[in-house]
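Here is a short report on one structure. Start with the sequence and the model below.

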Amino acid sequence: MDTLERVIDIETADGPMAAPTSRPAADGTRPGVIVIMGGTGVTPNIVSIVDRFAREGYVAVAPDLYHRAGRLRTIPADKLWEMRDQLRANGFSDASNDMDVQATIDCLRSDPSVGAIGIVGFCLGGRVSLQSAIRADGLSAAAVFYGGFMFPGDDQPETFSAMRESGTLAIPVVGFFGEDDQNPTPEQARMLDEHLTGLGKEHTFHYYEGAGHAFFGDDSPSYRPGPAADAWEKTLAFFDRHLR
């Protein structure tokens, strides 16, 4: 399917936020998908995922959650911890993520050619995807890929917690986790799985042997083609069911 790609600016209370977008070239109403970046930012890999969704018939957009620290800034994986405090000093937080995702949803909703909207994220983005599924207004489904840092301790009451906040989850969720991951660990993912089941929340979690964190990223040493391909097909089927 032919696609149209461009970078748009989405207005937020903290200024314009760049967002690479891609959509089918043919006219018609399409479902929307918000693609949430990992900790390294809106990398070429994230942009390629945006285009993959467009080729499947979605209007896809990847908001730059680091826009307060510079336009479309990317960070090498080995510098993430070093840069963490600088990003926070520039305003990156759970609250900024809430603001930016809601602004992206509102932007898509203002487009008459966009129908139901889903969200998908990877690593940091997996966390933000679940956080948004719980907190944001206007989403119909969420896909979570190995969301990191979703289980803060009781000494961090202001930090998003999948366990504490999932009681208000009101949309279906699909999750993808590696059995060799350490953030989240398989035990943590299964704990959340059981918790959501106990709450009666619509969700399905998938677990992959021989896969660790970032198994979906074809730019990562952790990339695992088999699990990545399976997770992609399951994500498309999930969104097809809930967004079309």
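## A serine and its contacts

Ser-132 is in contact with Val-101, Ile-119 and Leu-139, leaving aside its neighbours within four places in sequence. Contact means heavy atoms within 4.5 Å. This is a predicted model: local features need pLDDT of at least 70, side-chain atom pairs count only at pLDDT 80 or more, and totals for chains, interfaces and linings use all residues. Residues are numbered from 1 along each chain as its sequence is written, and side-chain values use heavy atoms, with hydrogens and water left out.

Ser-132 lies in helix α4. Its relative accessibility is 2%, so Ser-132 counts as buried (under 20% relative accessible area, with a 1.4 Å probe and protein chains only). The side chain of Ser-132 reaches the backbone oxygen of Val-128 at 2.8 Å.

## Two helices packed together

Helix α3 spans residues 94–109 and helix α4 residues 124–135. They pack at an angle of about 70°, with their axes 10 Å apart. That makes α3 roughly perpendicular to α4 (65 to 115 degrees). The contact is made by Asp-94, Asn-97, Asp-98 and Val-101 of α3. From α4 come Arg-127, Val-128, Gln-131, Ser-132 and Arg-135.

## A serine in a loop

Ser-113 is found in the loop between α3 and β5 (114–122). A polar contact of 2.7 Å joins the side chains of Ser-113 and Asp-111. Such a contact is a pair of N or O atoms within 3.5 Å; within protein, one must be able to donate a hydrogen and the other to accept it, and residues adjacent in sequence count only if both atoms are side-chain atoms.

Not counting residues up to four places away in sequence, Ser-113 touches Arg-23, Gly-28, Thr-29 and Arg-30.

Methods:
Axes are lines fitted to C-alpha atoms, for helices over the stretch in contact, and angles run from 0 to 180 degrees between N-to-C directions. Helices (H or I, at least four residues) and strands (E, at least two) are DSSP runs, numbered from the N terminus. Angles under 35 degrees count as roughly parallel, over 145 as roughly antiparallel, 65 to 115 as roughly perpendicular and the rest as oblique. Buried means under 20% relative accessible area, exposed over 50%, partly exposed in between (1.4 Å probe, protein chains only).
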